[in-house]
Structure formats: structure tokens, C-alpha cells
Amino acid sequence: MTDYSPADPAAPLRADIVLPCLDEAAALPRVLARVPEGWRAIVVDNGSTDGSADIARSLGATVVHEPRRGFGSACHAGLLAAEAEYVCFCDCDGSLDPALLPSFVRRIAEGETDLVLGRRRPTARGAWPLHARAGNVALSGMLRRRTGLRLHDLGPMRAVRREALLALGLTDRRSGYPLQMVVRASDAGLRVAETDVPYLPRTGKSKVTGTWRGTWHAVRDMRAVLRQPATRTSPAVPAEATR
């Protein structure tokens, strides 16, 4: 049986959590309440019109405004605003639990791996629409052929050392950002691992995978990433983590 228990929030490890946000006023209170104690939540407002930024600020989050629309634009703006040694990413729609992220960071800190991805496991019917799952399966297969990585999910919940991620020089600013992160990490020789996480029904309608059209645009962006030539960068990883 999979253990979904969050790590002890009193552990000394600290991280900044990037939360890309577009009209997530209804979900923000619950999401921010689950941020581990002592960690900094960076809510990147990507053009919300429902007061999301004000709500996030009132709940103690650091708010970054990114006017350029796109999931990648929001994620990268949060990365540039991060200052902690470790940076995590998590959707801001209530579908994922930020309280699980300390266990991701601990695996990296202990030298087990360099990039940890959350493999989504739906907890309720309709939490992960069929068309979104189909697109994910197809992309996972293409990723395997491109990199050799045998991953099951390219979900948005992840953790990595900030300097290592910055060294990858990510350029995608649309839906391909999460995939480009994995591809370039593999090209750079970083170790990539995944772990099961519960996937809850999101609050509100998805801006990307809520429709076949949105899913198709995401798949199109990600296929473009997979067609890019391999890059060779030097991973910014402590020497002890590579032994």
C-alpha cells in the first residue's frame, strides 16, 4: 500500500514552493494552509481577475506578477524569485498537497536523486479526465524514446536544487516547461525519480487539460520540446550528491 503521509514539517530542510496561479481564489486558502512550516510560498499571478493575488498576499505568500501568459512563464518567474537551496513546484488548484513536498526534498538532500516528480494517483472519479491521461501516456512514451527515462507521469509536482535547475537554461514558456525540465535534466546527467502522490479533484475548471482542445495544445507544446536537439549542460549538483 502506498504511503501518502507527509514528512515531518519540523525537519530542518527548507524550500521555496512555486505556485503558478490563474484565477485560483477558491483554492488558495486550502493550498497555502498546507505549505510546510518555515517554507516560503511564491504565488505567481499570471493575470488573475478574481483577486487571487490579494488573497495570497493576505495569507502570507510572496506574490510575483508575471504578465506574460503561459504556464512556463509563471513557473520560471517563480524560479527566478526563489532564494532557497531547494525549489518545489505545485499546482495552485487544490489537486495536489504541498505538505508532501518535504519528502521530495529529503530524497535530494540525502543524495538519492536530483529531480523528484510526483506521479499522480487519482483519488476520485473524474479527478483526471480520460483525454488528459491519454495525452500523458503518449508523452511519457515519447519521453522514454528520447531520453530512456521510464517515467509514468509528467505531473507538475516536483522538487530540485535551485542552482541545478537554473543551470539547465529552460526556454519554454508555455505548456512544455515541465517536460523541458525533465528532458534537459536527463541530458545534463541529473538523476530523475518519481513517487506516488494522491491526485484530488481540482477546484474550478482546468485552464489546460480541462478540455480536449487544451490537452491538444499542451501535447503540441511538449512534442515541440521533444524535437529540440539534445543539450549538454553541467549540472549544479554538490559533488557528494553524485557519488
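**View A. Arg-120 and Asp-153 touch through their side chains, with a polar contact of 2.7 Å.** A polar contact here is a pair of N or O atoms within 3.5 Å; within protein, one must be able to donate a hydrogen and the other to accept it, and residues adjacent in sequence count only if both atoms are side-chain atoms. This is a predicted model, in which local features need pLDDT of at least 70 and side-chain atom pairs count only at pLDDT 80 or more, while totals for chains, interfaces and linings use all residues. Residues are numbered from 1 along each chain as its sequence is written, and side-chain values use heavy atoms, with hydrogens and water left out. Arg-120 sits in strand β5 (strands are DSSP runs of E, at least two residues; helices are runs of H or I, at least four; both are numbered from the N terminus). With a relative accessible area of 12%, Arg-120 is buried (buried is under 20%, exposed over 50%, partly exposed in between, using a 1.4 Å probe and protein chains only). Leaving aside neighbours within four places in sequence, the residues in contact with Arg-120 (heavy atoms within 4.5 Å) include Trp-128, Asn-136, Val-197 and Tyr-199.

**View B. Strands β5 and β7 run side by side in parallel, joined by 8 bridges.** Strands count as paired if DSSP finds at least two bridges between them. Strand β5 covers residues 115–122, and Arg-119 stands opposite Asp-196 in β7. Strand β7 (residues 192–199) is mostly covered, with 6 of its 8 residues buried.

**View C. Asp-16 and Arg-40 make a salt bridge, 3.2 Å from N to O.** The pair ties together parts that are 24 residues apart in sequence, because Asp-16 lies in strand β1 (residues 15–21) and Arg-40 in strand β2 (residues 40–45). A salt bridge means a side-chain nitrogen of Lys or Arg within 4 Å of a carboxyl oxygen of Asp or Glu, and by that rule the count comes to 13. Asp-16 is buried at 5% relative accessibility, whereas Arg-40 is partly exposed at 24%.

**View D. Glu-24 and Arg-202 meet in a salt bridge of 3.3 Å, N to O.** Glu-24 is in the loop between β1 and α1 (28–33) and Arg-202 in the loop between β7 and α8 (212–226), so the pair ties together parts 178 residues apart in sequence. Glu-24 counts as buried, at 6% relative accessibility. Asp-93 joins in too: Glu-24, Asp-93 and Arg-202 are linked in a network of salt bridges.
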